[in-house]
Amino acid sequence: MKVGITTYPVAFQRKGGLEVQIRQTMQALQGLGVETTLVDLSREKLKNFDIIHHFSHSSFRIFESAQSSGIPLVLSPLVELVQSRLRLHKIRFINYALHKAFGQEFRTRWHDTMGSLRLANAILPLTEAENSVIKGLVPEVADRTQVVPNGITEDFFAASPTLFRTTYPDLREFVLVASSIVPYKNQLAVIRAARAAGYHTVLVGSKSSEDYFGECMQAGGTTVTYLGELEYPSPMLTSLFAAAGVVVLASMQEPFGLVPFEALAAGTPSILTTRSGVDWEGNPPYFQRVRPDSDDDIYNALRTAMEAPPNPSACMQLVQDMRWNAVAQRILGIYESVLQERASR
């Protein structure tokens, strides 16, 4: 089986959750003997692959091209989480009205999202919340969706704090926020809450907004340290996760939010925004959910995690079934079903 991996054109210009998802999916599938290639659309033809797996809901034209070549399509869409059924109906109605008024060539991003969903042979939402949005947007694809969550690489399960602690001996008992530094990731609220509670904050990730980065550093003063970008999943990054007192992802919205689960695999308590598609309930002090717009919520969760006695095995036990190998086996099964269905037509 030859699988072509595609995504939107500038996906790898920064490091983020989507880029991690793509690389780890490819690596895990290759471990199962599946030939996977990140397609260079300027050099390679989609028709040279047995199946195309596209990540993100954009790039509708890629789907059109693959369909015209008769290539089966699998979509990991990362659809925006729409909180109300009424808003879903509004999106569908407005897009329908725009097409009626201006014709099929007038397209919004929602047109491309719904068009991609309709063309896909299989759709792999990360969570049930995302699955519900997809079914609300395009009800006719309901029988083509299967929830396949992100996985955790084995590097985190094997993480040790030793490398980080010997490299940065002055950084002890800190709160870690590991993500792109941009307003919707909400680092500023975590820094404020951590400072109020008397904790140091460590930031790691790309500076997607220099202005916001400056606000964060000013708000934290001497209580915040920025370590730059670290390779994923490098020994220093996984050691950092294991050395932290708690790892926080308090974003304004997350389709999934893998970082807190990687922290648990490294034996570290974690905190995840309530605005994630993941439907896990809290399990304090090891795993907690916080409202991203509530500094008090974040403050209390930080204190609960930081004041609890360390228990790495209890943290790791929560995510034992989230290894990438298991996720890749599910994806491979979906590929095989899609190809079998295509062959039987």
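The largest cavity is lined by Gln-21, Thr-25, Phe-55, Ser-76, Leu-124, Leu-126, Val-148, Pro-149, Asn-150, Trp-324, Val-327 and Ile-331. A cavity here is a set of points, on a 1 Å grid over the protein atoms alone, where a 1.4 Å probe fits but cannot get out, and lining residues have an atom within 4 Å of a point.

The model is predicted: local features need pLDDT of at least 70, side-chain atom pairs count only at pLDDT 80 or more, and totals for chains, interfaces and linings use all residues. Residues are numbered from 1 along each chain as its sequence is written, and side-chain values use heavy atoms, with hydrogens and water left out.

Helix 14 (324-343) and helix 1 (17-31) each supply at least two lining residues; helices are DSSP runs of H or I, at least four residues, numbered from the N terminus. Helix 14 gives the largest share, three residues.

I turn now to the helix pair. The axes of helix 2 (residues 60-68) and helix 4 (residues 109-119) come within 9 Å and cross at roughly 25°; axes are lines fitted to C-alpha atoms over the stretch in contact, with angles from 0 to 180 degrees between N-to-C directions. The two helices are therefore roughly parallel, the term for angles under 35 degrees. Phe-60, Phe-63, Glu-64 and Gln-67 of helix 2 make the contact with Asp-112, Gly-115, Ser-116 and Leu-119 of helix 4, contact meaning heavy atoms within 4.5 Å.

How values were computed: Angles under 35 degrees count as roughly parallel, over 145 as roughly antiparallel, 65 to 115 as roughly perpendicular and the rest as oblique. On a 1 Å grid over the protein atoms alone, a cavity is a set of points where a 1.4 Å probe fits but cannot get out, and a pocket is an open set with protein on both sides within 12 Å along at least five of seven lines; lining residues have an atom within 4 Å of a point.
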